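Subject: Structure for your review

Dear colleague,

Please find the structure and its sequence below. My findings follow, and I would be grateful if you would read them beside the coordinates.

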Amino acid sequence: MKITILGAGNVATALATRWKAAEHVVTIGVRNPASEKSQKAQAALPEIPFESMESAVVQADVIVIATPPDAVLELKDLLNAAADKIMIDTTNAVRVRPEPYPTAYHFIKAETKAQHVVKCFNSTGFENMANPVYHGEGIDMFCAGDDVEAKTVAKQLALDAGFSTCWDFGGGDKVELLEKFALSWINLAIMQGFGRDLAFKVVRR
Ligand SMILES: NC(=O)c1ccc[n+]([C@@H]2O[C@H](COP(=O)([O-])OP(=O)(O)OC[C@H]3O[C@@H](n4cnc5c(N)ncnc54)[C@H](OP(=O)(O)O)[C@@H]3O)[C@@H](O)[C@H]2O)c1
């Protein structure tokens, strides 16, 4: 798949590394190639092209939004122009949100023509995206949204990144719950002090 990741921070670097290793064609779109984060990511990802966000989205089948959630306010025209593509929203509106919407997913659905939108890769720390294997087994990923095609792609990309499975958390009405689930990880890992080397795995019988 041709994947363009918007943003060059921790999440972008982790996912780009995994997907490149799985032989996807990955491009990173940045607003400022000279920023500290862009420079760090370029050093970590020497084989991956960095381009302007505008040019990076043109070639993509899949656009992964790995910026702060309110960045979609500025990316509205760009996302609208790419409305036929699959969009994976990794953001969590913990500190800021794209007002008046609760999440970036809701903003994109309401303010652009894009409909192939899914929330995924938001529910665990970037270290777990860089290495999703615990005790020889992949941890779980989760996705939510109303578009079946976008969910199918997100689930495949979760497997390709090394997660053992990607649970369907539900439709667009469960996107906020999935962000709260991410907040539950943040609560355990950071607020309760258990550390970022922990992950969720669903067990059944
Ligand atoms: N960190 C985690 O463990 C984690 C886990 C799950 C989900 N998330 C979510 O994933 C997203 C990215 O997190 P991160 O930790 O990778 O962030 P980060 O390391 O702070 O990187 C953010 C990236 O977004 C870019 N950016 C910021 N504002 C922008 C704007 N208005 N327009 C375009 N680009 C902009 C930054 O570019 P500059 O260099 O130009 O500032 C940078 O490349 C966040 O929404 C976060 O909630 C994070």
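Angles between elements run from 0 to 180 degrees between N-to-C directions, with axes taken as lines fitted to C-alpha atoms. On that basis, helix H8 (residues 175-191) runs at about 150° to strand E9 (140-144). Helix H8 lies across E9 and also across strand E6 (117-120) and E10. Please bear in mind throughout that this is a predicted model.

The sheet

Eight strands make up an open sheet of mixed pairing, and their order is E3-E2-E1-E4-E5-E6-E9-E10. Strand E3 (50-52) and strand E10 (165-170) are the edge strands, each pairing on one side only. From one strand to the next, the twist averages 30°. Within the sheet, E4 and strand E5 (residues 86-89) run parallel and are joined by four bridges. Ile65 stands opposite Asp89 in E5.

Helix H1

The 12 residues of H1 should span 16 Å at 1.5 Å a residue, and this agrees with the 17 Å between its end C-alpha atoms. Ala12, Thr13, Ala14, Leu15, Ala16 and Trp19 are the buried residues of H1. These buried residues pack against several elements, among them strand E1 (2-6), strand E2 (25-30) and strand E4 (62-65). Their helical partners include helix H2 (36-44), helix H6 (126-130) and helix H7 (148-161). After H1 comes Glu23, which has a positive phi, near 70°.

Lys20 also belongs to helix H1 (residues 10-21). Lys20 counts as partly exposed because its relative accessibility is 33%, and that class lies between the limits of 20% for buried and 50% for exposed. Leaving aside residues up to four places away in sequence, Lys20 touches Val26, Glu47 and Ile48. Ile48 is 28 residues from Lys20 in sequence, while their C-alpha atoms are 8.1 Å apart in space.

The ligand

The ligand is surrounded by 25 residues, of which Ala8, Val11, Ser35, Lys37 and Thr67 are the closest. Glu74 places a polar side-chain atom 3.2 Å from a nitrogen atom of the ligand.

Yours sincerely

Key:
Residues are numbered from 1 along each chain as its sequence is written. This is a predicted model: local features need pLDDT of at least 70, side-chain atom pairs count only at pLDDT 80 or more; totals for chains, interfaces and linings use all residues. Side-chain values use heavy atoms; hydrogens and water are left out. Helices (H or I, at least four residues) and strands (E, at least two) are DSSP runs, numbered from the N terminus. Buried means under 20% relative accessible area, exposed over 50%, partly exposed in between (1.4 Å probe, protein chains only). Contact means heavy atoms within 4.5 Å. The expected span of a helix is 1.5 Å times one less than its number of residues. Two strands pair if DSSP finds at least two bridges between them. A residue is near a molecule or strand if one of its heavy atoms lies within 4 Å of it. A polar contact is a pair of N or O atoms within 3.5 Å; within protein, one must be able to donate a hydrogen and the other to accept it, and residues adjacent in sequence count only if both atoms are side-chain atoms.
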